[in-house]
Amino acid sequence: MNIRLTKLKDSDAKALLVFEAENRYFFETMVPSRGDAYYMSENFQTRHKQLLKEQSLGISHFYLIKDDHDFILGRINVVDLNKQRRGELGYRIGKSYTGKGIATKGLQLFMKEVIKLDIRKIHAKTTSNNFPSQSVLQKNGFHYEETDADSFIMNGEKVKFMYYSWENGREIV
């Protein structure tokens, strides 16, 4: 399957809300819930406009992972960019598209954008039970840093956060 990245824009809001709502329960098996209010159209529109403002200020960059038919398969971003050009990675792939290499390829494409944007370092975190995410990060040049000493319960399972980082200048797959 061919995929491409598109920079988030205002006209993506409706399709993105559908993507998020369709995948809500799947995403909540891996990350804490965003709550019911997040999925209300008015709230989602407000949040979408906030993301676009962050993007226009250059403190965050948001992309959608799409197929050849312009269908959203996932999303990927870097947020909280500081003056040293360091930020935090986030990504999610829709349930129907996991296990097909889309996260790995999407992050690979995203990292090329990161280099063009002159981002110097990206931090990422995942949970200790999310082996696919750990693999995606490692395949794209992220290096394991540490695991939290403290665990927490998510969906009835005891997990810890694991931290990774990528620095511009290291080899990209």
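**Briefing on a predicted single-chain model**

Of the 173 residues of the protein chain, 44% count as buried. The model is a predicted one. Its chain comes to four helices and nine strands, and the structure holds one cavity of 30 Å³ or more. The largest pocket has about 1300 Å³ of space.

**Overall fold and dimensions**

- Read from the N terminus, the elements of the protein chain follow the order β-α-α-β-β-β-α-β-α-β-β-β-β.
- The radius of gyration of the protein chain is 16 Å, which agrees with the value near 16 Å for a compact globule of 173 residues.
- Along its principal axes, the C-alpha trace has spans of about 40 × 40 × 35 Å.

**Largest pocket**

- The space in the largest pocket amounts to about 1300 Å³.
- Its lining is made up of 45 residues, of which V31, G90, Y91, R92 and K125 are the closest to the pocket centre.
- Helices that give two or more residues to this lining are α1 (13-27), α2 (41-57), α3 (102-116) and α4 (131-139).
- Strands that do so are β3 (72-79), β4 (86-93), β5 (121-127) and β7 (152-154).
- By class, the pocket lining divides into 23 nonpolar, twelve polar and ten charged residues.

**Cavity**

- One cavity of 30 Å³ or more is present in the structure, and the largest cavity holds about 30 Å³ of space.
- The residues that line the largest cavity are F27, E28, V31, P32, S33, R34, Y39 and R92.
- This cavity lining has four nonpolar residues, one polar residue and three charged residues.
- V31 and R92 line the largest cavity, and both are also among the residues closest to the centre of the largest pocket.

- D70 is a residue other than glycine with a positive phi, near 70°.
- D70 sits in the loop between β2 (61-66) and β3.
- The relative accessibility of D70 is 43%, so this residue counts as partly exposed.
- R85, which is not a glycine either, has a positive phi of about 65°.
- The loop between β3 and β4 is the place of R85.
- R85 counts as partly exposed because its relative accessibility is 24%, where buried would mean under 20%.

- K139 belongs to helix α4, one of the elements that give two or more residues to the lining of the largest pocket.
- With a relative accessibility of 45%, K139 counts as partly exposed, since exposed would require over 50%.
- The C-alpha atoms of K139 and Q108 are 8.6 Å apart in space, while the two residues are 31 residues apart in sequence.

Conventions. Residues are numbered from 1 along each chain as its sequence is written. This is a predicted model: local features need pLDDT of at least 70, side-chain atom pairs count only at pLDDT 80 or more; totals for chains, interfaces and linings use all residues. Side-chain values use heavy atoms; hydrogens and water are left out. On a 1 Å grid over the protein atoms alone, a cavity is a set of points where a 1.4 Å probe fits but cannot get out, and a pocket is an open set with protein on both sides within 12 Å along at least five of seven lines; lining residues have an atom within 4 Å of a point. Grid points are joined across faces, edges and corners, and a volume is the space filled by probe spheres set on the points. Ala, Val, Leu, Ile, Met, Phe, Trp, Tyr, Cys and Pro count as nonpolar, Asp, Glu, Lys and Arg as charged, and the others, Gly among them, as polar. The radius of gyration is taken over C-alpha atoms; the globule rule is 2.2 Å times the number of residues to the power 0.38. Buried means under 20% relative accessible area, exposed over 50%, partly exposed in between (1.4 Å probe, protein chains only).
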